[in-house]
Amino acid sequence: MRDSLDLSTADLAALGLFLAAWLLHTLASDGRLVSRVSLTTAMNAQRETWMRTMAEREIRIVDTAIMSGLQQGTAFFASSSLIALGGCFALLGASDRVLEVLSDLPLGGAPSRSAFQIKVLGLVLILAFSFFKFGWAYRLFNYCTILIGAVPIPHGEASRNPVTETAVWRAAQMNMLAGKHFNSGLRGVFFSIGYLGWFVDPVVFVLSTLLLLAVLVRRQFFSAARRAVIGQPPGAGKGRSMRPDSQ
């Protein structure tokens, strides 16, 4: 079967490493592989806090504005994924030209036409996966807006009655689910950058995958953004700056 796909053992090994890196990063970000709190997990807690704070407001203009921003960002990435998909099909039509460019690179030689087309189809699958994730996230954010509208207006203890608690829980769960699918789509876009190394050489593919993984792991577990979410403010009266550390 390897010969029929026209892919070398090095190609298949590099592809296996790429898929393993994607899977492991997904599990780690969702808190199912390591005990260290990830940025994604920390932000999910903030999403729930946001919904509980929203339930105590009578005027929720700020909440609908935030939801509108989330939807616009999701729509932007969905449109970008479609444009990239169109570029992939254009790449298939210009296979001979691209192979000539790859043959001039100092690293490795140009792959065969069939191997190149297989790699492009793999990139198409990644971008299509991202598009569907973004599309579904956009719809879930829309549902979350409806659920926010369904949360009763607070009046004294009304913000803590069972009906309100259930409505807040539903809105929070929908918000976190939308964020999860958005993150999955964004992760696909990020890994598609590492996937581009495969068009040069399997070794470059491995290096680009490991470099990308290192960047994503740092952002999820060791970044200034994570410290800003889970950290504590400096002690009162010490005169320390509240400016976050650089990325």
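A: Helices (H or I, at least four residues) and strands (E, at least two) are DSSP runs, numbered from the N terminus. This is a predicted model, where local features need pLDDT of at least 70, side-chain atom pairs count only at pLDDT 80 or more, and totals for chains, interfaces and linings use all residues. Residues are numbered from 1 along each chain as its sequence is written, and side-chain values use heavy atoms, with hydrogens and water left out.

Q: How many helices and strands in the protein, then?
A: The protein has 9 helices and 0 strands. From the N terminus on, the order is α-α-α-α-α-α-α-α-α.

Q: Where does alanine 42 sit?
A: Alanine 42 is in helix α3.

Q: Is alanine 42 buried or exposed?
A: Alanine 42 is buried, because its relative accessible area is 6%. Buried means under 20% relative accessible area, exposed over 50%, and partly exposed in between (1.4 Å probe, protein chains only).

Q: What does alanine 42 touch?
A: Not counting residues up to four places away in sequence, alanine 42 touches Val37, Val229 and Ile230. Contact here means heavy atoms within 4.5 Å.

Q: And how far is arginine 227 from alanine 42?
A: Their C-alpha atoms are separated by 9.9 Å, and the two residues are 185 apart along the chain.

Q: Which helix holds alanine 224?
A: Alanine 224 lies in helix α9, residues 224-230. Alanine 224 is buried, since its relative accessible area is 7%. From alanine 224 to leucine 39 the C-alpha distance is 9.9 Å, across 185 residues of sequence.

Q: Which residues lie nearest the centre of the largest pocket?
A: Leu39, Thr40, Asn183, Leu186 and Gln220 lie nearest its centre, out of 19 lining residues. The elements that give two or more residues to that lining are α3 (39-55), α4 (61-93), α7 (162-195) and α8 (202-221).

Q: Which element gives the most?
A: Helix α3 gives the most to the lining of the largest pocket, with 7 residues.

Q: How does that lining divide into nonpolar, polar and charged?
A: The lining has 9 nonpolar, 7 polar and 3 charged residues. Ala, Val, Leu, Ile, Met, Phe, Trp, Tyr, Cys and Pro count as nonpolar, Asp, Glu, Lys and Arg as charged, and the others, Gly among them, as polar.

Q: Back to the helices. What about leucine 85?
A: Leucine 85 is in helix α4. Leucine 85 is buried, because its relative accessible area is 11%. Leaving aside neighbours within four places in sequence, leucine 85 is in contact with Val124, Leu127 and Ala128.

Q: Where is valine 151?
A: Valine 151 is in the loop between α6 (113-150) and α7. Valine 151 counts as buried because its relative accessibility is 3%. Beyond neighbours within four places in sequence, the contacts of valine 151 are Met54, Ala55, Arg60, Thr164, Ala167 and Val168.

Q: How many disulfides?
A: The structure holds 0 disulfides, a disulfide being a pair of cysteine sulfur atoms within 2.5 Å. Cysteine 88 is buried at 3% relative accessible area, and cysteine 144 is buried at 0%.

How values were computed:
On a 1 Å grid over the protein atoms alone, a cavity is a set of points where a 1.4 Å probe fits but cannot get out, and a pocket is an open set with protein on both sides within 12 Å along at least five of seven lines; lining residues have an atom within 4 Å of a point.
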